[in-house]
Amino acid sequence: MNIKSLLLGSAAALAVVSGAQAADAIVAAEPEPVEYVRVCDAYGTGYFYIPGTETCLKINGYIRFQVNVGEDIGGDSDWDATTRGQVQFTAKSDTEYGPLTGVIVMQFNADNATDQAAKLDSAYLDIAGFRAGLFYSWWDDGLSGETDDIGSPVTLHNSIRYQYETSDFYAGISVDELEDGFYKTDEEANNVGVAVGLGGKAGAFSYQLTAGYDVDNEDGAVRAMGTVDIGPGTLGLAAVYATGPSSYYTKAEWAIAAEYAIKATDKLKITPGVQYYSNYYVAGDDFSDNEAWKVGLTVDYQIVDNFYAKASVQYLDPEDADDSTTGYFRLQRSF
């Protein structure tokens, strides 16, 4: 075999082998496009689209460290430290009836490494002014300081509510399951209540009127609050009246509270407050004949954005009972 024939044969063999390898080669698939998280600005800051949907989600919460002080507040100790972590998920999407909102709030509290509790702090759906689920009532509202005591003993209920609102006014009605509240003799722990609330603002003045009727206990309460900007701070006034002890109010037959929140600097707020109780506290199925006074001071200081400190001290002097001094110091980081 001459050299020319050998070269031609080798070239032909190489071509056959190369063709076979080319036929068997693995072709890499084109990468699928990645859908990055998109900002949703339709409902305010902090929302983003859940990938693959038109639902907007917001995640926020806070971390709190607090030291409480008071007589035997920590068992045999007069102080006790606690830590809380809370996270809230808010989902919103557009519908023909307006935004459909769903909220879940989880709260985790730790008194120490073993004494801890996790709870569902709120979970509700909201559309076109209607709200249903576990949420706080209007009776959870109060003045900005820590001295006033004008709310329900328990303000978190399974409820159905309708609320009409604009930027400067709201009015609504709710039906509340009152399982955790106050029960008179022979009453069962499955009461129902009806509450109404309205409020708004006009310039430097804001107001709120709240009422509730406990059907099983056959008693109710009504409360009025108002604030107005005066000088370097905000004056707050509140009054509450109860026909008798109920799940909406149990502290006294009637009470009045006042505070003045002084904005000392852009970061420092100082709030002295006072409250008077008539026929203070419950004796059996009705209010007692005693009176009580409460005075206190709360100081808020913003250390940096989303991180602040709060200190509060309160003195309570009830008739025919021992007086008491309580307070706390708090650090909180919000996100």
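In S4, Gly 102 is the bridge partner of Ala 91. The model is predicted, so that local features need pLDDT of at least 70 and side-chain atom pairs count only at pLDDT 80 or more, while totals for chains, interfaces and linings use all residues. Residues are numbered from 1 along each chain as its sequence is written, and side-chain values use heavy atoms, with hydrogens and water left out.

Strands here are DSSP runs of E with at least two residues, helices are runs of H or I with at least four, and both are numbered from the N terminus. Two strands count as paired if DSSP finds at least two bridges between them.

| Strand pair | Bridges | Direction |
|---|---|---|
| S3 (residues 79-93) and S4 (residues 100-110) | 11 bridges | antiparallel |
| S4 and S5 (residues 116-127) | 11 bridges | antiparallel |

S3 and S4 form a hairpin with six residues between them, and Gly 98 in this turn has a positive phi of about 110°. A hairpin is also formed by S4 and S5, with five residues between them. Across this second pairing, Met 106 stands opposite Leu 120 in S5.

The protein chain as a whole has one helix and 19 strands. Of its 335 residues, 33% count as buried, that is, under 20% relative accessible area with a 1.4 Å probe, protein chains only. Among contacts (heavy atoms within 4.5 Å) with a separation of 6 or more, residues 24 or more positions apart account for 45%. The chain exposes about 19,400 Å², of which carbon and sulfur atoms supply 59%; the area comes from the Shrake-Rupley method with a 1.4 Å probe.

How values were computed. Buried means under 20% relative accessible area, exposed over 50%, partly exposed in between (1.4 Å probe, protein chains only).
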